[in-house]
Amino acid sequence: MRALIVDDERLARVELRRLLTRHPEVQIAGESASGEDAVAEIAKLAPDILFLDIQMPGMTGFELLERLDDVPAVIFTTAYDEFAIKAFEVNAIDYLLKPIAPERLAAALARVKLPAPASGTAGPHLAQIFVRDGDRCWMVRLADVFLIESEGNYARLCFGTERPLIRRSLNALEERLDPVTFFRANRTQIINMRAIQRIDGSVGGGLVATLRDGRAVEVSRRQAARLRDQFGY
Amino acid sequence: MTGESPDDAARRNRRARFYWPVQIGAWTAYSVIGFFAASSRYQGSRTDLAAGYACYAVYSIALTDSLRREIRRRGWRTMRPGKMWPRLLASVFAVSAVQTVLIVIVNLAFAGRQSPFVEDKIQIAFVFLGTSGAMAMWMIYYVMFTARWARDEQQAQLKLALREAQLRALEAQINPHFLFNGLNSIRGLVIENPARAQDMITRLSNILRHNLRHDVRHTVPLSSEIGAVTDYLALEGVRFDERLRVRFEVDPAAADVKVPSLLLQTLVENAVKHGIARLPAGGDVVIRASLLAHSVVVEVENSGGLTEAAPEATQVGLANTRERLRILYGGRATLSLAARGVGRVAATAIIPVTATT
């Protein structure tokens with residue numbers, strides 16, 4: 001896997017690079033000394049994994065992840081912020097405390113779950129995004145999201161029992177979603193087709209899709225035709 | 001007392017305003033009553049008698065006031081009852097004896113040797129007993145009134161001691177970001193530059209030792225604080241590389257001046273944490289110290305903005321430092337944080353140059 005090291009301290013990057021020489025499966029694709037630089041490097045190099053410092057001037061590690069469209073696997077490296085990371089709700093991101101113990105690094109690498117194979121190679125579709133809503137953060141695999149609802153310029157992601165808002169419009173999000181999985185049911189809702197449990201007809205030629213969690217989503221007439229095609233219904 | 005807070009001073013003021021009217025009023029009233037009681041039986045001049053009782057009032061006020069001062073000076077009021085009461089009782093008789101002697105002297109002065117009063121030893125014994133009774137009453141009231149004050153005083157002292165312990169713990173605490181990032185950098189240096197890594201370990205040891213020795217009431221020579229800060233900045237220099245630039249402008253005459261321990265380190269730490277660490281391109285920290293006639297001005301100026309650089313944590317840190325200055329110097333030391341031109345912030349402490357213990 002290809003890694004990018006993001007840390008504002010040169011010696012911290014040197015040290016991590018040296019620790020990683022014992023792990024030939026990790027190739028170091030590059031290094032960034034700031035969040036700004038990392039955003040550009042990630043776009044260019046499309047790494048599989050980020051080693052990410054949290055406290056950096058200009059942009060923190062959290063802010064960097066929020067800026068990313070599609071997020072690779074992440075291991076935080078931090079001197080003291082493990083409490084912030086432990087606050088993660090779902091899909092806890094692994095973290096390494098500095099100075100980094102070689103065994104901990106090995107354990108963290110063994111646990112790395114690379115996102116769906118399509119991503120990492122900067123595929124056209126989102127696989128995983130980082131979501132922060134107030135004090136809570138999630139690393140969300142799109143496959144786990146069953147419904148996305150528009151709220152003005154924001155979108156509400158529904159996965160598990162969580163409903164955080166993200167700062168992206170539904171239209172912008174739709175462009176980056178895999179059309180095989182996600183389906184625009186109406187003006188304000190996108191549903192995950194794998195989460196549909198039942199489809200019923202409704203008055204006026206539309207459909208009502210009942211989702212995993214029991215919610216009924218209206219499918220507009222125009223979109224209903226597409227759904228019928230796809231499902232052969 | 002250096003540890004007196006405005007609260008203590010206010011409490012003392014209230015007590016002083018209460019004490020004098022009562023002290024003077026009670027003894028005057030007692031003497032006036034005594035005068036009228038005695039005047040029916042007294043055959044001599046009324047003026048002499050009045051003068052005698054006026055003297056009695058003045059002596060009583062003066063004597064019990066010195067007694068009060070002595071009780072406070074010796075701290076009898078905060079002793080446990082078994083030790084306090086015998087002392088108070090003995091002092092009542094001692095003061096009464098002095099008063100009796102004074103009355104005899106006054107009598108001799110006014111009425112001369114042939115005064116029937118001085119002749120009559122039983123009279124003198126009665127005066128002694130009567131005075132002892134009055135003094136005992138005074139003592140009982142004194143103990144009653146001071147009971148609450150003594151308790152307040154004890155609580156105030158306890159609170160102060162607790163606060164000092166808290167401040168000490170807070171200040172001596174090494175910033176964990178500094179410690180762990182520093183150790184991580186040293187780990188990296190061990191292979192890249194072993195000699196520098198060794199130097200950094202020594203400097204880190206110096207800082208830890210300096211902080212462990214810290215005491216809120218301690219003052220140390222400015223040169224020793226400068227030494228600790230030099231070590232601190234050298235370590236941060238490893239972390240920040242060329243992003244941290246440091247300049248010292250220290251008046252050599254100020255080297256031996258005593259300053260509160262860790263004061264400079266706290267200011268420098270804030271400058272790095274809230275100034276340099278937030279600037280992607282880094283910045284500089286300037287440490288200045290100059291000696292004035294009666295004070296030393298210690299200043300830490302750094303790149304960075306004030307609004308961004310003054311979150312709650314800094315304000316709490318500054319408030320703690322100010323409180324410590326108050327414990328050490330009363331109101332005579334100041335600490336301020338202010339913007340200095342665009343993109344610069346300075347923390348300035350003005351500390352009186354006096355030997356504090």
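How many bridges join strand β4 (residues 283–291) of chain B to strand β5 (residues 295–303) of chain B, and do they run parallel or antiparallel?

A: Happy to! First, some housekeeping. This is a predicted model, in which local features need pLDDT of at least 70 and side-chain atom pairs count only at pLDDT 80 or more, while totals for chains, interfaces and linings use all residues. Residues are numbered from 1 along each chain as its sequence is written, and chains are lettered from A and ligands numbered from 1 in the order in which they are written.

Now to your strands: β4(B) and β5(B) run antiparallel and are joined by seven bridges. Helices (H or I, at least four residues) and strands (E, at least two) are DSSP runs, numbered from the N terminus, and two strands pair if DSSP finds at least two bridges between them. The two strands form a hairpin, with three residues between them. Within this pairing, Ile287(B) has Val300(B) of β5(B) as its bridge partner.

β5(B) also pairs with strand β7 (residues 344–352) of chain B, again in the antiparallel sense, over nine bridges. Here Glu299(B) stands opposite Thr348(B), and Val297(B) faces Ile350(B) of β7(B). In general, strands of a sheet pair through backbone hydrogen bonds, either parallel or antiparallel.

Stepping back, these strands belong to an open sheet of five strands in chain B, with the order β2-β4-β5-β7-β6 and mixed pairing. Its edge strands are β2 (244–250) and β6 (334–339) of chain B, each pairing on one side only. Neighbouring strands are turned by 10° against each other on average, direction ignored. For such angles, axes are lines fitted to C-alpha atoms, for helices over the stretch in contact, and angles run from 0 to 180 degrees between N-to-C directions.

Helices join the picture too. α8(B) lies across β2, β4 and β5 of chain B, running at about 165° to β2(B). Helix α9 (residues 263–275) of chain B packs on the sheet and touches β4, β5 and β7 of chain B, its direction making about 15° with that of β5(B). A contact means that the C-beta atoms of two residues, placed from the backbone, lie within 7 Å.

Finally, the interior. A nonpolar core is a set of buried Ala, Val, Leu, Ile, Met, Phe, Trp, Tyr and Cys residues joined through C-beta atoms within 7 Å. Buried means that 20 or more other C-beta atoms lie within 10 Å of a residue's own, with C-beta atoms placed from the backbone. The largest such core has 103 residues, and those with the most contacts inside it include Val259(B) and Val268(B), along with Val74(A) and Val140(A). α8(B) gives the most to this core, with nine residues.

Technical notes:
A residue is buried if 20 or more other C-beta atoms lie within 10 Å of its own, exposed if 12 or fewer, and partly exposed in between; C-beta atoms are placed from the backbone.
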